[in-house]
Amino acid sequence: MPLQVKRLLIVFVLFIGIMLGLKYFLTPESWREYGAYRGNALTEISDKEAKYVQTETCAMCHDSIAELKTQGAHKSIQCEICHGPGYKHIDDENIDMNIPDDNQFCMRCHSKNAASPQSIIKQIDAVEHSEGEECINCHNPHQPWL
Amino acid sequence: MNKYETLYEALANLDGYIYPNEIALNWDLLIVMYPYVTGLVAGAFILASLNRVFDIKALRPTYEISLLTALSFMLVATMPLITHLGQPWRFYEMLVTPHLTSAMAIFGFVYLWYLMVVLLLEIWFDYRYDMVIWSQQKKGFVKFVYKALTLWVSETSPESRKTDEKIGYFITVVGIPSAFLLHGYVGFIFGSIKANPWWSTVMMPVIFIFSAMVSGIALVMFIYMGVSYLRKQKPDMMALDTIAKYLFYILIIDFTLESLDQIHRIYEADESFDILKILVRGKLFFTFFIMQIGVGVLIPLTTLGFLQFKKPRERIRKIIYLIISICVLVGIFYMRWNVVIGGQLFSKSFYGFTSYKVDLIGGADVWLSVLWFIVPFFILAFLLWLLPPWKKNHEAMH
Amino acid sequence: MAIKKENSSRRDFIKNSSMFAGGIVLVSLLNPLKMVYATKKPKGKGKWYGIGIDIEKCIGCASCARACKVENDVPNEPFFFRNWVEQYTITNDDEIKVSSPNGGIDGFKQPVPDDEIYKTFFVPKMCNHCAKSPCTQVCPVGASFESPEGIALVDKSYCIGCGYCVQSCPYGCRYIDMENGVVDKCTLCYHRLQKGLDPACMMACPTGARIYGDLNDKESAVSVFIKENNCAVLKPQLNTESKLFYNDLSQEVH
């Protein structure tokens, strides 16, 4: 084999060796545990804290409101849609929940829109219907009707 | 917040409906530069191969210049891609844990193959003998550099030169498909995105290859004239005329392929056609019809076509070639622009458009793009100083 | 979990690395289809999540979009959504108007008076968690992957932020989180699922328009939903094997 080719081959072998070494040392832990990705990523993603704790947890302390709510038209609505995420509040009740008290809030769901199916949600014209009053003066948000 | 300012501006200028996540145009000018620069590499290399493999003697004066041009652009070809990443320092992951179903993952390997195995080797075998000679003439550090470059092999026997010649030829032969691979592959990155009807066409890699050749040839033509001017030498008119001839032929092929692609699109008129029609006639009108087709194709094509029949005086021809090469380079840049930016301007919902403005003052992408286009010229200047083609021993056999 | 681990001994790294250069070419020659898609549906009785959306029940309140932003720390700017609602209005002149002000969070207005409307409805959008997801297919480093449960996830500490997956998602469900320069997307609230909670959007829906569950379990809510309704997926022509099934999907929706 000619000398220059021999030298070149040495260089290439060195280069490939370095690449393989780098691959060995830089490949992260748990690579290919389940597939071509870091298996640990699954646990890292699932370790994130959940912010919404769901109605069952609220009912442990606010049982009367929860009870009230199950009888009304809003029974399918989670407490936290209206009151915001409760993960801090359930550890420390002094951290206040959000209390939505403007009409605009109810109108998110109840405003008139031809795209909203009438059979699913009752829609009203805010100004006409409430006559300038707060919705919650006439409707209990937890049980809009008996 | 300042960071989102351009996004809010785009939001205010939406046409129709676009998925909310599409307002941000993620692949900016840097990704336009990426296929542009790789295209220049592939094209310059193929011009060099024309001389060596197809034995077109008239191109001999530009052989080394094309190779060195290819090398200097190749060295920065990954930079637009890397600097565009959200996490540039994690780039090594692409080499360490490449995800084999991804077209982009293979880029590192195609790149390494082309740079290390094809370009460097071809240049090395071409210059090995001269570097040995120069290492004997020079002194001090430069001598050391040449010595290192020859890998301390000081063989100058005719047999060793024959080996160089033979292997060099072999590498060039391997190099042609490799150059096609390199750039066809870049086309595949776009052509394989089935979600995007503007990109998703089997023609994309082929069009990329031919537009790469066009741009690379124009670049070498430009650089050859520039280098001759700087060295106060007369450029070889035979070489220039031949380059122009090949530029003309390949431009025809390139234009045919692109037209074929568009005609096919227009005739098939699938679900995406309506939105693409509005896109091309509206937001892309200037960059597509005027820059890409007008400046990039029609002007060079008619001028070069005219030159095939009637040859004006040398001085005039030189000026024509200079202008044509710039036109083609600009045109191909806009071709990349239309692919990359155009493909992101319309919504995949087919109901509307976002907008993209090149932010000249604040945009890091613009400055980086300009940088990655200028750096290769400095590298080339250095390479020409280190490995001057005009000081080569030209009794070489090819 | 019922999923078998692939061989992960570090010692055979040389074997792995030899796949490096010629491997892909060879493998794709020998068995072209197997390598093309990033994911394989695991055999056995593990969970395989699917989603159902009942367009007839969506009232366009965007509680899902809000809850998603809060739960997953999605930036508040109107350019980043894992989950949003679109309003389609088709007029009597066959003009199609689509809108989604801030993903629906800002509230919807009908753009045309009621008597000119031919048809109008809301379409909630989110990641389709495709079985043959084009996004995980193109990720160059394996930072985007499909979990054994069939959920397309992003490993944010490994993502390089190239944006290739954003381009390849036909549904526009991914965005680049500008804070970290990495990609972010719907995880079907993987962290909530693992804790036995419902995904935030599913929990937040006041009318039960959103359903999710295990597609392998033919009694699960989503399986029953698909059986009882005439469901369709978005862009079926792209063969992504989307696992988000819409009841009553109009053909205008892309």
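This is a predicted model: local features need pLDDT of at least 70, side-chain atom pairs count only at pLDDT 80 or more; totals for chains, interfaces and linings use all residues.
Let me begin with the extent of the contact, to which chain B contributes 46 residues and chain C contributes 60 residues. Between them the two chains bury about 4500 Å², and 59% of that area lies on carbon and sulfur atoms. On the chain B side, the residues that lose the most area to chain C are B:N21, B:K194 and B:Y351, which together account for 16% of what that side buries.

As for the polar part of the contact, there are 29 residue pairs in polar contact between chain B and chain C, counting pairs with both residues at pLDDT 80 or more, whereas the count of salt bridges between these two chains is zero.

Turning to the secondary structure of chain B, the helices α1 (5-12), α5 (93-96) and α8 (158-191) each supply at least two residues of the side that touches chain C, and the largest share, four residues, comes from α5(B). By residue class, that side of chain B divides into 28 nonpolar, 12 polar and six charged residues.

Finally, the serine in chain C: C:S250 sits in the segment that comes after β11 (244-247) of chain C. Is C:S250 buried or exposed? C:S250 counts as buried, because its relative accessibility is 11% and the cut-off for buried is under 20%. Leaving aside residues up to four places away in sequence, C:S250 touches C:K119 and C:F121.

How values were computed
Residues are numbered from 1 along each chain as its sequence is written. Chains are lettered from A and ligands numbered from 1 in the order in which they are written. Side-chain values use heavy atoms; hydrogens and water are left out. Contact means heavy atoms within 4.5 Å. Buried area is the accessible area (1.4 Å probe) that two parts lose on being put together, summed over both. A salt bridge is a side-chain nitrogen of Lys or Arg within 4 Å of a carboxyl oxygen of Asp or Glu. A polar contact is a pair of N or O atoms within 3.5 Å; within protein, one must be able to donate a hydrogen and the other to accept it, and residues adjacent in sequence count only if both atoms are side-chain atoms. Ala, Val, Leu, Ile, Met, Phe, Trp, Tyr, Cys and Pro count as nonpolar, Asp, Glu, Lys and Arg as charged, and the others, Gly among them, as polar. Buried means under 20% relative accessible area, exposed over 50%, partly exposed in between (1.4 Å probe, protein chains only).
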